[in-house]
Amino acid sequence: MLILNKTARVFFKPSKRKVDGFLRSFNFHPGILFLHKIVLGIETSCDDTAAAVVDETGNVLGEAIHSQTEVHLKTGGIIPPVAQQLHRENIQRIVQEALCASGISPSELSAIATTIKPGLALSLGVGLSFSLQLVDQLKKPFIPIHHMEAHALTIRLINKVEFPFLVLLISGGHCLLALVRGVSDFLLLGKSLDIAPGDMLDKVARRLSLIKHPECSTMSGGKAIEHLAKQGNRFHFDINPPMQRAKNCDFSFSGLQHVIDKIIMQKEKEEGIEKGQILSSAADIAAAVQHTTACHIAKRTHRAILFCKQRDLLSQSNAVLVVSGGVASNLYIRRALEIVTNATQCTLLCPPPRLCTDNGIMIAWNGIERLRAGLGILDNIEGIRYEPKCPLGVDISKEVAEAAIKVPRLKMKI
Ligand code: KG4
Ligand code: ZN
């Protein structure tokens with residue numbers, strides 16, 4: 001395998017001169033050696049090859065990322081073998097760049113933390129096999145990381161957020177609401193029953209051919225929808241938010257996608273244009289789909305807050321809602337969530353965009369959290385496997401549904 005050979009060249013069967021050269025390329029800090037916990041984090045669960053070095057106080061000492069977005073935009077979605085190949089081509093360079101930027105020698109690392117679940121099998125495999133060779137070579141502990149747990153805890157790198165807090169993860173691949181009670185203690189309140197909101201927005205953007213729009217050609221689908229929605233009028237379409245009768249915290253976006261598909265088809269007929277051309281009503285459609293998405297997400301989150309307060313799972317006076325994932329950078333959706341947190345006396349926190357999307361920092365930070373808590377640090381890496389599918393925490397979504405909490409109507413004047 002290419003990646004194994006590549007890794008081996010640097011970390012495995014290198015000549016003594018090469019190893020000396022590699023190690024000399026890093027600065028040594030004898031003073032800090034072993035005083036601080038320092039973790040190298042590696043992320044390859046989807047379409048970003050990312051690495052970062054973070055210390056226990058949350059200082060990001062070095063980071064590097066290679067995004068595959070441009071390639072996948074052209075093919076209209078992620079093709080797993082293509083993603084795998086791109087990870088293989090980039091992982092060694094990205095890890096080296098993060099280490100070099102940090103000025104930390106590999107021998108100074110306290111551990112290596114790597115995403116092993118959930119994600120695309122072919123992508124996870126590249127990060128894991130690279131990491132295991134590194135762990136073996138450097139004789140460091142290994143910390144397997146759950147990608148969603150890492151997203152959920154990222155906020156604690158920049159804010160003093162105490163457990164418990166509520167987290168909403170919304171991106172192209174994720175959609176869930178969970179209560180975070182500890183470093184590895186999560187209660188899953190609800191999740192998408194079909195696709196994630198970012199996936200739906202990407203599909204709508206593709207159907208609207210926004211890649212051909214001069215203002216949106218380099219934007220992700222969700223970003224293009226947000227951009228165009230500012231020029232549109234959502235009232236031109238009356239779309240019901242999904243799952244209005246289901247009094248739970250689950251989500252659904254594929255029905256909404258089909259409704260939008262039908263609207264687009266109808267408009268193409270009316271405007272007399274072919275599929276693949278840009279509709280004059282594209283901005284109105286973008287505004288309507290964004291508003292409906294925001295209302296759906298806000299309603300489920302509102303119910304999750306009420307459920308947690310009813311069961312005394314969240315502080316009555318100082319409850320925190322953390323929102324993360326690529327879709328969390330959408331300001332319209334954030335404002336809808338703000339209406340909910342204002343109505344429920346919660347604090348809304350959102351990591352900065354570069355920490356909302358997939359990155360190596362969140363993986364390294366999760367490694368630090370685990371080191372500090374003494375959880376899941378492995379000296380023996382035998383039998384470690386990646387897990388493409390892996391739920392987050394204990395699923396209590398049935399209990400949430402049984403509570404059937406009626407959510408008071410809020411005016412979504414955004
Ligand atoms: O977290 P992320 O980088 O990758 C994963 O999906 O894990 O999120 C990417 C998703 C894409 O679906 C993209 O369309 C969406 O986040 N996204 C947005 C915005 N920026 C990115 N969705 C809505 N509004 C945005 N401004
Ligand atoms: Zn992610």
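In the predicted model, Arg93 counts as partly exposed, at 37% relative accessibility. Its salt-bridge partner is Glu97, with the closest N and O atoms 3.0 Å apart. Glu97 is likewise partly exposed, with a relative accessible area of 36%. Both Arg93 and Glu97 belong to helix H4 (residues 80-102). They sit four residues apart, about one turn of the helix.

A search of the whole structure finds 11 salt bridges. Among them is the pair Asp136 and Lys139, whose closest N and O atoms are 3.9 Å apart. The cut-off for such a contact is 4 Å. Asp136 is partly exposed, at 38% relative accessible area. Lys139 counts as exposed, because its relative accessibility is 64% and the threshold is over 50%. Another pair is Glu270 and Lys267, with the closest N and O atoms 3.0 Å apart. These two residues lie in helix H10 (residues 254-271), three residues apart, about one turn of the helix. Arg156, Glu369 and Arg372 are joined into one network by salt bridges that share partners.

The zinc ion (ligand 2) is held by four residues. The donors are His147 (NE2), His151 (NE2), His174 (NE2) and Asp358 (OD). Their distances to the metal run from 2.1 to 2.3 Å. Angles between the four donor atoms span 89 to 162°, so the arrangement is irregular. A tetrahedral assignment would require all angles to lie between 85 and 135 degrees. Along the sequence, the donor residues follow the spacing H-x3-H-x22-H-x183-D. His147 and His151 both come from helix H6 (residues 147-153). They are four residues apart, about one turn of that helix. Both His147 and His151 are buried.

Six strands build an open sheet with mixed pairing. Their order is S10-S9-S6-S7-S8-S11. S10 and strand S11 (394-395) stand at the edges, each with a single partner strand, so one side of each has no neighbour in the sheet.

Strand S9 (residues 319-324) is mostly covered, with six of its six residues buried. The cover extends to both faces. Ala319, Leu321 and Val323 are buried on one side, and Val320, Val322 and Ser324 on the other. S9 pairs with strand S6 (residues 165-170) in the parallel sense, over four bridges. Within this pairing, Leu168 has Val323 of S9 as its bridge partner. S9 also runs parallel to strand S10 (residues 346-349), again joined by four bridges. Here Ala319 is bridged to Cys346 of S10.

Strand S7 (residues 175-182) and strand S8 (residues 185-191) run antiparallel and are joined by six bridges. Gly182 has Asp185 in S8 as its bridge partner. Leu179 lies in S7. This residue counts as buried, at 0% relative accessibility. The C-alpha atoms of Leu179 and Val394 are separated by 9.8 Å. Along the chain, these two residues are 215 residues apart.

Val71 belongs to helix H3 (residues 69-75). Val71 is partly exposed, with a relative accessible area of 35%.

Conventions. Residues are numbered from 1 along each chain as its sequence is written. Chains are lettered from A and ligands numbered from 1 in the order in which they are written. This is a predicted model: local features need pLDDT of at least 70, side-chain atom pairs count only at pLDDT 80 or more; totals for chains, interfaces and linings use all residues. Side-chain values use heavy atoms; hydrogens and water are left out. Donors are N, O and S atoms within 2.8 Å of the metal (3.2 Å for Na, K and Ca); water is not among the atoms, so sites may look incomplete. Four donors count as tetrahedral if all angles lie between 85 and 135 degrees; four count as square planar and six as octahedral if opposite donors are over 155 degrees apart and all others between 65 and 115; anything else is irregular. Buried means under 20% relative accessible area, exposed over 50%, partly exposed in between (1.4 Å probe, protein chains only). Two strands pair if DSSP finds at least two bridges between them. A salt bridge is a side-chain nitrogen of Lys or Arg within 4 Å of a carboxyl oxygen of Asp or Glu.
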